[in-house]
Amino acid sequence: MKKILAIIASAAILGSCSNGKKYTVKGADESLENGKYAYLYIDNNNEQAVDSVLIADNSFVLKGGGELELPVAATIVISEQGAKRADAVVPVFLEAGTVEIKKLDPEHRALSAVGTPLNDTQAALNTKNFEIGKEWYAAYEAKDEAKMTQLQNDMQSYVKQAIADNKDNLVGVRLFKENYYSMEPQEVLDMVALFPAEYQESFADIKKAAENALKVTPGNPYIDIVDKDADGKEISLKSVVENKANKYVLIDFWASWCGPCMGEVPYLVDTYDKYHKKGFEIYGVSFDSDRDAWLKAIENKKMNWIQVSSLKAWDSQARADYAINSIPANFLVDCATGKIIAKGLRGEDLQKKIAELLD
């Protein structure tokens, strides 16, 4: 639900010259604590604030724009000076006029930007998102799984329609960049094609990842991986798939620091113990950077199958080739054909699939 309820953040198109327009961003709310600061970041340069102001009387004002080609996607961060953690992060569009930062309603505690065309459009989306979210949590409390699924589907449909409706402005760009990961690869490519050329340039990495993801959908050949095991010996996925003792190989992407990955381990161990002698193998690919943490997890969790890692965290060729955006992730390879026959086998679904193939 966290992914589905996410609406906003990231994507800026900066021009090469000024259009002379000015913006004003005003914040006034009791949640804005005196003595803290409002920092303004342009979304494609989140390392350095372009402006800041001390909050006094639970309010602040930021002005500028002459040096920017408006509109621009930006973010207001509320925090103490030098703090590593923000009190509030408010996505905003800098455009000619006055933008107000405030709560949309008393029940919705998050701050939103309103007062100009793009910000009003985004605020309407935020309100709809909040309303569906309330319904989802009510269904969750009632343990109404059918209603939860329906609302999740409603949210996905709503987000996709909102992206299409705003394909010609920064609201659509921002919304797409925050939600593309929950879409199927072809759907991502179709969405990219909706946008004007000047926006498509900012989607280059997303487009490439979707194209890579299409290459590893079930029915396609696996892509070889070569990485080192705990002893520093290189082990290729190809050598495992072509091993005559193996009938099916699960490529398992994980990391010791990943809680959900650790939650999957008991299912992996149980399935491996039951079906390894029948031809089931696992080729574990870790996104760890800490060698000791990697090896400790393998030992403590009894992950007694093939394990490799470049120890470069996400900076891995295997991650790029298999278009991994989140872990755990896995792909099941049929050794006889060299093709991927399933992916995303979580929990009991893994053993059900292997039992179907080997029992």
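View 1. Strand 11 covers residues 248–254 and is mostly covered, since seven of its seven residues are buried; helices (H or I, at least four residues) and strands (E, at least two) are DSSP runs, numbered from the N terminus. The model is predicted, so local features need pLDDT of at least 70 and side-chain atom pairs count only at pLDDT 80 or more, whereas totals for chains, interfaces and linings use all residues. Residues are numbered from 1 along each chain as its sequence is written, and side-chain values use heavy atoms, with hydrogens and water left out.

**View 2. The strand partners of strand 11.** Strand 11 is joined by seven bridges to strand 12 (residues 280–286), and the two run parallel, with V249 standing opposite E281 in strand 12. Between these strands the chain passes through helix 9 (residues 259–275), and this β-α-β crossover is right-handed, a term used if, with the strands pointing away from the viewer, the path from the first strand over the helix to the second runs clockwise. Strand 11 also pairs with strand 14 (residues 329–334), here in the antiparallel sense and over six bridges, and D252 stands opposite N330 in strand 14. Two strands are said to pair if DSSP finds at least two bridges between them.

**View 3. The disulfide between C258 and C261.** A search of the whole structure finds one disulfide, a term that stands for a pair of cysteine sulfur atoms within 2.5 Å. This disulfide joins C258 to C261, with an S to S distance of 2.4 Å, and because the torsion about its S-S bond is about 80°, the disulfide is right-handed. C258 counts as buried because its relative accessibility is 5%, and C261 counts as buried because its relative accessibility is 3%.

View 4. Nine of the ten residues of helix 4 (residues 170–179) are buried, so the helix is largely enclosed by the rest of the structure. The buried residues include L170, V171, G172, V173, R174, L175, F176, K177 and N179.

Definitions and conventions
Buried means under 20% relative accessible area, exposed over 50%, partly exposed in between (1.4 Å probe, protein chains only).
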